[in-house]
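Let's take a walk through a protein model together. Keep the 3D view open and turn it as you read.

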Amino acid sequence: MSGALLSVEDAVVDLPTPRGNLRAVDHVDLAVGAGKTLGIVGESGCGKTMLSRAVLQLLPKKAKLSGRVMFNGQDLTTLSAEKLRKLRGRSLAVVFQDPMTSLNPVLTIGTQLIETIQEHLELDLAQARQRSIELLAAVGIPAPEQRLAQYPHQLSGGMRQRVAIAIALSCEPQLLIADEPTTALDVTIQAQILDLLAREQQRRHMAMIIITHDLGVVAGRTDEVAVMYAGRVVERAPTPALFKQMRMPYTEALLAALPKLDVAPHTPLPAISGRPPDPTRPMKGCSFSPRCRYSAGRCTTEKPRLSPAETQEHLYACFHPIAAGVGA
Amino acid sequence: MLQAASDPLMKVENLVVEYSVGGKTIHAVSDVSLEIARGETLGLVGESGCGKSTLGRAVLQLRQAVSGKVLFDGHDLTTLKGEPLRKMRRRVQLIFQDPIASLNPRRRIGDIVAEPLVIAGVRDPEERARRVSDVLSAVGLDPALVSGRLPHEFSGGQCQRICIARSLVLNPEFVICDEPVSALDVSIRAQILNLLEEMKARYGLTLLFIAHDLAVVKAVSDRVAVMYLGRLCEVGPSEQLFARPAHPYTALLIEAIPVPDPDVRPTQSVPVGEPPSPIAPPSGCRFRTRCPRADARCAGEVPELRVVAPGQFAACHHPLI
Ligand SMILES: Nc1ncnc2c1ncn2[C@@H]1O[C@H](COP(=O)(O)OP(=O)(O)OP(=O)(O)O)[C@@H](O)[C@H]1O
Ligand SMILES: Nc1ncnc2c1ncn2[C@@H]1O[C@H](COP(=O)(O)OP(=O)(O)OP(=O)(O)O)[C@@H](O)[C@H]1O
Ligand code: SF4
Ligand code: SF4
Ligand SMILES: [Mg+2]
Ligand SMILES: [Mg+2]
């Protein structure tokens, strides 16, 4: 995609493990423009977090990354550690599933916010403090002034995630990556946090990547969705097309396997048999083939490439795609 | 008050369970009454910390209740002791949320599944082996392949199958499933939910199915009970409850679920705020600090569970129906 704020080009992440090389991310291409939200969905272990860490250049030390990560015209894989550190607080921000990953347990909320702000913006203490209060209020924290003196453990999980979001937003980033920001939270709190992210994203015209395993989370809150399976993007489309004209059997199976509120109790769920492949044992054919009900012919010997369907925006990697218009 | 059909296998009456932490009392379960009919699945939903697991543990007598009764097949488990209690307990089993953590990492699968038989005094090794083999096959595992292996060789979904096998090996009548699929991936979740339904039919089980995911609960439950901060808000037949919730909290929970359909705009009406502390729950209706319908009466008077529709009960002064 030209003119994208972020584009990931042919990214591969390899991790050495005792069982052999583990390919966590396998030739992934992605792009997201300013003001847009991209959803990345997939089951546990499919490589969502490794992909986002590749974007942030925060991979484990032993990991090997190839490919390019273009952000604002520069390739992040070639930047110095110092330049990256600046960029991360300032233009590129991240919110993790567990807010304690980004919060320091021994510092007050106020110290953490003020330090982050002062590190990246030219503000004096009073201004930084004022800004912290505004941010906490913006993310829906009651009595923000009093909160500045509190420690993370004195807050509930939902409140901590709000603080983590406030810190992530504090320097007006151009891109926010939210890696399962609500998975650990209750539904009512989840809805509040997702609303908050959507509101701030629009207000700031920020680009956002939401990573989740919940198709429900991406359906109403993203412009585009990439479905990952075994390290690869297997289908990518504008959100309405993905749900209404899905072409990839895995996407269809994933959606079908979800329990739904409008189905009568005791209706057997169309489960996907088996489980995802071992990422240290590369497969010759389509990695979904052992579980795919359409698998035939080349599926077990050749890897389908991610390529466009009817439109340039809708890509899928499958030899026997579901007929257009079916599967909604 | 009679909630279920005429033949309740499990009846919980005015159950109160508390914890004391640092001199303070946590009101984990407050005056909860429930009935579960023979052969029925009752779903229990509510947000983290509302007391679901505590209720489950108190039913099994793994946690002592402050007051109230737990009548299983007519016997009050809270007053039973020693051998009679052990006998009753065999008929009641529990499946946990974290399948991997609930299996002893150093024991072989065959021994793990046989353990309840050993405890129950089944002495004949051949009979034990036969029953273990039967139940492993029933949950979709090959006994010859899995019996000699250790838990770490299995995925989360397979570990949950093993836990289910272990809980069924004594042929229980009543099984409490505490978030049995929460730790599992979507594709595996459906397999395990289907398996639980099959096992229920095959072994003639009655289930208390605990989860925080309403769609998961609906998939397997005949009736659903909704809890908030230690109290029961609403109970009713699944379809009816989801179609026409009477309690504002049930309605909020339903509205907050993300729906996998891009045409359904996520609701923006979920009120900001979180459940208050169970150490000092609000007076009157415990939901009132987040309820859009709350008024003075809600602060002053605890709402009783009342009939709002056939088979449907809600504890609210101003129900939606
Ligand atoms: N530090 C690490 N060292 C080696 N392998 C790792 C490491 N972290 C993750 N992996 C492996 O890399 C693969 C991709 O993991 P990743 O964390 O990206 O998955 P994910 O899609 O984010 O899953 P989840 O939904 O569970 O967060 C998995 O097979 C995982 O086991
Ligand atoms: N052993 C314990 N000691 C002290 N407090 C406890 C203990 N177990 C639970 N609690 C408290 O009791 C209340 C009810 O907890 P419980 O685990 O029953 O909730 P739950 O509905 O099962 O939540 P979750 O969905 O998170 O599993 C909570 O406030 C919890 O912090
Ligand atoms: S390529 Fe073959 S195995 Fe893979 S998803 Fe398509 S039909 Fe199924
Ligand atoms: S009793 Fe009052 S506060 Fe409680 S749910 Fe009903 S209307 Fe809301
Ligand atoms: Mg992850
Ligand atoms: Mg629990």
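What follows goes through the sheets and hairpins, and then the ligands.

First, some ground rules: this is a predicted model, in which local features need pLDDT of at least 70 and side-chain atom pairs count only at pLDDT 80 or more, while totals for chains, interfaces and linings use all residues. Residues are numbered from 1 along each chain as its sequence is written, chains are lettered from A and ligands numbered from 1 in the order in which they are written, and side-chain values use heavy atoms, leaving out hydrogens and water.

Let's start with a sheet in chain A. In what order do the strands of the open sheet of 8 strands come? Reading across, you get E6-E7-E8-E3-E9-E10-E12-E11 in chain A, and the pairing is mixed. Strands here (E, at least two residues) and helices (H or I, at least four residues) are DSSP runs, numbered from the N terminus. Two strands count as paired if DSSP finds at least two bridges between them. At the edges of this sheet sit strand E6 (92–95) and strand E11 (307–308) of chain A, each pairing on one side only.

Now zoom in on one pair inside that sheet. Strand E3 (residues 37–41) of chain A runs parallel to strand E8 (residues 207–212) of chain A, and 5 bridges link them. To find your place, look for Leu38(A), which stands opposite Ile209(A) in E8(A).

Helices lie across these strands too. Helix H7 (residues 187–204) of chain A lies across E3, strand E7 (175–179) and E8 of chain A, at about 160° to E8(A). Helix H10 (residues 249–256) of chain A lies across strand E9 (224–229) and strand E10 (232–238) of chain A, and runs at about 95° to E9(A). Contact here means heavy atoms within 4.5 Å. The axes are lines fitted to C-alpha atoms, for helices over the stretch in contact, and angles run from 0 to 180 degrees between N-to-C directions.

Chain A also has a hairpin: E1(A) and E2(A), with 2 residues between them. Strand E1 (residues 6–17) of chain A pairs with E2(A) in the antiparallel sense over 9 bridges. Inside this pair, Val13(A) has Val25(A) as its bridge partner in E2(A).

Over to chain B. Here 4 strands make an open, antiparallel sheet in the order E2-E1-E4-E5 (chain B). Strand E2 (24–37) and strand E5 (75–76) of chain B are at the edges with a single partner strand each, so one side of each has no neighbour in the sheet. Strand E1 (residues 8–21) of chain B is joined to E2(B) by 10 bridges, and the two run antiparallel. Helix H1 (residues 52–59) of chain B packs on the sheet and touches E1, E2 and strand E4 (67–72) of chain B, with its direction at about 115° to that of E1(B).

Chain B has a hairpin as well, made by E11(B) and E12(B) with 2 residues between them; in its turn, Gly311(B) has a positive phi of about 80°. Strand E11 (residues 306–309) of chain B and strand E12 (residues 312–314) of chain B run antiparallel, joined by 3 bridges.

Time for the ligands. Which residues are closest to ligand 1? Of the 15 that surround ligand 1, they are Ser44(A), Gly45(A), Lys48(A), Thr49(A) and Met50(A). A residue is near if one of its heavy atoms lies within 4 Å. Looking at polar contacts (pairs of N or O atoms within 3.5 Å), a backbone N or O atom of Met50(A) lies 2.8 Å from an oxygen atom of ligand 1. A polar side-chain atom of Lys62(A) is 3.4 Å from a nitrogen atom of ligand 1.

Ligands 3 and 4 have 13 residues around each. Among those that come nearest to ligand 3 are Cys286(A), Cys292(A), Cys299(A) and Cys318(A). The closest to ligand 4 include Cys285(B), Cys291(B), Cys298(B) and Cys316(B).

Notes. Polar contact = N/O pair within 3.5 Å; in protein donor to acceptor, adjacent residues only side chain to side chain.
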